[in-house]
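Hello,

Please find the structure below.

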Amino acid sequence: MNLLHLMGVNTGVTTQIKERRTRLYRVAYSWCHDRTLADDLAQEALTRGLSHLHQLRDPAQLDSWLFKILHNCWRDCLRCQKDFQDIEEMEDYLHAHDDTPEDINSRSQVVDRVRAAIALLPMGQRQVLTLVDLEEFSYNQVADILAIPVGTVMSRLCRGRQALKQTLIELAPVAKSNAVLRMVK
């Protein structure tokens with residue numbers, strides 16, 4: 001018998017919350033680009049979610065409720081780090097490729113390029129882009145999670161996608177412009 005069961009917490013909902021851990025981690029990582037911090041943020045969101053489970057009014061809204069908690073954890077983290085964030089250390093981490101072997105294939109290169117392009121986005125655009133495009137939340141859910149108007153979600157998403165497209169086009173290999181087409185009979 002686990003501790004949650006002893007506390008009288010609904011095991012069905014707790015199981016659903018635990019199943020969201022990977023998604024929470026993935027979104028947290030896309031926001032902070034630090035595995036340890038993302039793990040801490042996901043864990044903190046789960047802990048807060050489980051301790052405030054009685055505040056969940058509609059179990060169908062579990063996903064947006066948990067991601068809203070994650071967003072609040074991220075904001076709290078940024079507030080705590082605001083005074084003593086070492087920017088050089090962050091840049092070193094963003095440009096480091098510690099997991100990249102020499103024989104990286106083209107797929108992982110594309111993933112790295114997209115991640116780097118997303119990292120260049122401002123935080124508001126990055127949050128909206130990851131929630132809509134990675135986690136497939138609706139605009140209304142994202143507006144609820146981030147506590148911003150739906151119009152702001154749409155404008156941040158549009159600007160984020162345009163910036164991402166522009167960045168990825170610049171990173172794409174240049175096609176040879178003097179290619180000659182030959183007709184073969």
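Helix 8 and helix 9

Helix 8 crosses helix 9 in a right-handed manner (right-handed means that the near helix is turned clockwise from the far one by less than a right angle, left-handed that it is turned anticlockwise). Helices here are DSSP runs of H or I with at least four residues, numbered from the N terminus. On the helix 8 side, the contact (heavy atoms within 4.5 Å) is made by Gln127, Val128, Leu131 and Val132, and on the helix 9 side by Tyr139, Val142, Ile145 and Leu146.

This is a predicted model: local features need pLDDT of at least 70, side-chain atom pairs count only at pLDDT 80 or more, and totals for chains, interfaces and linings use all residues. Residues are numbered from 1 along each chain as its sequence is written, and side-chain values use heavy atoms, with hydrogens and water left out.

Helix 5

How far apart are the end C-alpha atoms of helix 5? They are 29 Å apart, which agrees with the 28 Å that the 20 residues of helix 5 (residues 62-81) should span at 1.5 Å a residue (the expected span is 1.5 Å times one less than the number of residues). Buried residues (under 20% relative accessible area; exposed is over 50%, partly exposed in between, with a 1.4 Å probe and protein chains only) of helix 5 include Trp65, Phe67, His71 and Trp74.

Gln16

Gln16 belongs to helix 2 (residues 11-19). Gln16 is partly exposed because its relative accessible area is 32%. Between the C-alpha atoms of Gln16 and Pro59 there are 9.9 Å, although these residues are 43 apart along the chain.

Regards

Conventions:
Helix = DSSP H or I, 4+ residues; strand = E, 2+ residues; numbered from the N terminus.
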